[in-house]
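Colleague: Before I use any of the terms in your description, I would like to hear what stands behind each of them. Could we go through them one at a time?

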Amino acid sequence: MDLGEGIRKAIAKLTGKAVIDESVVKATVKDIQRSLLMADVNIELVYALSKKIEERALKERPAPGRGMNEHVSAVVYEELTKLMGEGRKLELKRQRIMMLGLFGSGKTTQIGKVAHYLKQKGLSVGVIAADMMRPAAYEQLEQLSKQVGCTFFGMKGKTAAEVVSEGLKKLKTDAVIIDTSGRDALDDDLTAELKEIDNVAKPDEKILVMSADIGQVARKQAEEFNNSVGLTGVIITKMDGSGKGGGALSACSVAGAKVIFIGIGEKIDDIEEFNAAKFVGRLLGVPDFEALITKVKAAMPEGMEAGEMPEKFDINTFYNQLKAARRMGPLKGVFEAMGMVNVPKDVLEQGEEKMDKYEAVISSMTKSERADPDLLRKNPSRITRIADGSGVDENTVREFINQFGKMKKLYDQLQKNKGMQKRLERMLKGGKGLGI
Ligand SMILES: Nc1nc2c(ncn2[C@@H]2O[C@H](COP(=O)(O)OP(=O)(O)O)[C@@H](O)[C@H]2O)c(=O)[nH]1
Ligand SMILES: [Mg+2]
């Protein structure tokens with residue numbers, strides 16, 4: 001059970017309770033404690049947090065219009081957000097960034113991700129391969145920079161400081177990111193090498209990369225690196241694969257290290273700016289409208305504004321919407337942004353599979369069939385042809401026609417209901433229409 005699931009279950013037990021007395025709050029807090037300890041949050045932090053939640057939940061009056069269970073979840077939300085600490089943003093300016101971290105923490109991969117992030121924000125980026133320890137570090141970074149489309153600099157058979165000094169002379173990009181060696185632990189050897197690079201490069205940012213699975217050890221590691229070379233921020237990686245992310249984040253907060261990004265996968269765009277309120281919101285299943293609207297906007301068909309409704313709804317429109325939905329990324333992320341964190345995996349997978357099949361069906365249809373799907377009902381041989389052409393069975397073709405019929409009905413209703421349409425449009429444009 002992950003941290004979010006545990007806490008959501010604890011809070012869900014409050015729903016429907018008419019009176020929330022001390023024993024109910026205590027039981028909830030106990031469940032939350034268990035989840036936090038399992039996420040490797042430091043035990044003292046957990047106790048301090050539980051005391052705070054208990055006190056506030058019982059003493060404070062719920063805000064007007066809020067039920068007791070909403071009151072308790074609001075308190076839990078606020079206190080958890082404080083526990084996870086404040087993040088900070090990476091400035092978008094000309095800068096030198098030095099990436100630090102132990103072996104396998106995800107340093108080189110994050111360099112690719114941060115380079116991609118900065119490029120998307122309009123900066124030119126160069127990277128320097130100054131990890132002289134790991135045999136294939138040079139090639140790994142070179143490969144990543146090709147993928148991202150940023151400038152690579154590396155030299156073999158030199159010291160790290162020599163490579164950095166040469167690289168800084170050669171690279172004329174807005175941002176320069178320096179990869180450095182790792183070790184199993186921060187020893188004198190690594191400290192000396194990092195200090196040399198620090199002296200040569202005078203970086204604006206010294207960012208420590210740590211893996212979420214180290215949990216509360218993140219505190220000690222951040223403190224050690226900060227004492228020896230100094231830190232400006234932290235990236236916690238592998239948040240996707242570890243249940244200990246909450247432990248690592250809260251540990252950074254105690255160490256006074258600000259988390260800039262979290263890594264959520266191996267791919268180049270599996271990186272997110274860290275924001276505690278959003279992070280906790282997602283754990284608790286609170287919808288993230290901002291993320292949702294960004295996704296919707298990014299997925300809009302060319303030339304169409306977010307919130308605009310197409311004039312008429314036919315299979316071509318449906319096809320465009322299907323493709324747009326695919327551009328929003330995996331369904332999982334979309335549901336998460338909607339606050340639906342408990343959608344079963346098989347439902348998600350089936351959904352993706354369906355979308356693939358429907359796309360294939362539509363692309364095997366003729367223009368006239370798309371304009372008038374009734375042609376298929378009238379002439380079943382067309383269904384056979386489409387099934388053969390798209391590699392799905394005939395039932396799927398029929399199912400698609402039914403689904404389309406339902407969508408069209410819904411669309412026609414929405415067209416008639418101007419009030420509802422206006423609210424939807426407002427929500428997509430500014431996130432304000434539904435009272436959020
Ligand atoms: N699941 C997951 N894997 C990651 C993430 N970041 C890096 N990795 C993987 O962690 C491994 C080590 O990464 P690498 O960048 O080579 O670590 P380095 O030794 O610190 O440079 C690689 O297999 C990466 O693909 C992440 O956010 N999530
Ligand atoms: Mg590396």
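Modeller: Let me begin with pairing: two strands pair if DSSP finds at least two bridges between them, and the strands themselves are DSSP runs of E with at least two residues, as helices are runs of H or I with at least four, both numbered from the N terminus. On that basis eight strands form an open sheet in the order 3-2-4-1-5-6-7-8, with mixed pairing. Strand 3 (151-153) and strand 8 (271-273) each have a single partner strand, so one side of each has no neighbour in the sheet and they stand at the edges. From one strand to the next the twist averages 25°.

Colleague: What kind of model is this, and how are its residues and chains labelled?

Modeller: The model is predicted, so local features need pLDDT of at least 70 and side-chain atom pairs count only at pLDDT 80 or more, while totals for chains, interfaces and linings use all residues. Residues are numbered from 1 along each chain as its sequence is written, and chains are lettered from A and ligands numbered from 1 in the order in which they are written.

Colleague: How do you know that strand 2 pairs with strand 4 and with strand 3?

Modeller: Strand 2 and strand 4 run parallel and are joined by six bridges, and strand 2 and strand 3 pair in the parallel sense over three bridges, against a requirement of at least two. Val 125 has Ala 175 as its bridge partner in strand 4, whereas Val 127 has Phe 152 in strand 3. Elsewhere, strand 5 (residues 205-211) and strand 6 (residues 233-237) also run parallel, joined by five bridges, and Met 210 stands opposite Ile 236 in strand 6.

Colleague: What makes you say that helix 7 packs on the sheet?

Modeller: Helix 7 (residues 160-170) touches strand 2 (125-130), strand 3 and strand 4 (175-180), and its direction makes about 160° with that of strand 2. Two residues are in contact if their C-beta atoms, placed from the backbone, lie within 7 Å, and angles run from 0 to 180 degrees between N-to-C directions, with axes fitted to C-alpha atoms, for helices over the stretch in contact. Helix 8 (residues 188-201) lies across strand 1 (95-100), strand 2 and strand 4, and runs at about 175° to strand 1.

Colleague: Why is Lys 202 called exposed, and why is Lys 238 called buried?

Modeller: A residue is buried if 20 or more other C-beta atoms, placed from the backbone, lie within 10 Å of its own, exposed if 12 or fewer do, and partly exposed in between. Lys 202 has 10 C-beta neighbours inside 10 Å and therefore counts as exposed, whereas Lys 238 has 24 and therefore counts as buried. Lys 202 lies in the loop between helix 8 and strand 5, and its phi is positive, near 45°, in a residue other than glycine. Lys 238 lies in the loop between strand 6 and helix 10 (245-255), and has a positive phi of about 60° although it is not a glycine.

Colleague: What makes strand 2 mostly covered?

Modeller: Six of its six residues are buried, with Val 125, Val 127 and Ala 129 on one side and Gly 126, Ile 128 and Ala 130 on the other. In the protein as a whole, buried residues make up 35% of the 436 residues.

Colleague: How do you know that Ser 253 is buried, and which residues is Ser 253 in contact with?

Modeller: Ser 253, which is placed in helix 10, has 22 other C-beta atoms within 10 Å and is therefore buried. Leaving aside neighbours within four places in sequence, Ser 253 is in contact with Leu 83, Met 84 and Gly 85.

Colleague: How is the span of helix 5 judged, and what does helix 5 contribute around ligand 1?

Modeller: The expected span is 1.5 Å times one less than the number of residues; helix 5 has 14 residues and reaches 20 Å from its first C-alpha to its last, close to the 20 Å expected. Twelve of its 14 residues are buried. Helix 5 (residues 107-120) gives three residues to the shell around ligand 1, the largest share.

Colleague: Which of the residues around ligand 1 come nearest?

Modeller: A residue is near a molecule if its C-beta atom, placed from the backbone, lies within 6 Å of it, and of the 18 residues around ligand 1, Gly 106, Lys 107, Thr 108, Thr 109 and Gly 263 come nearest.
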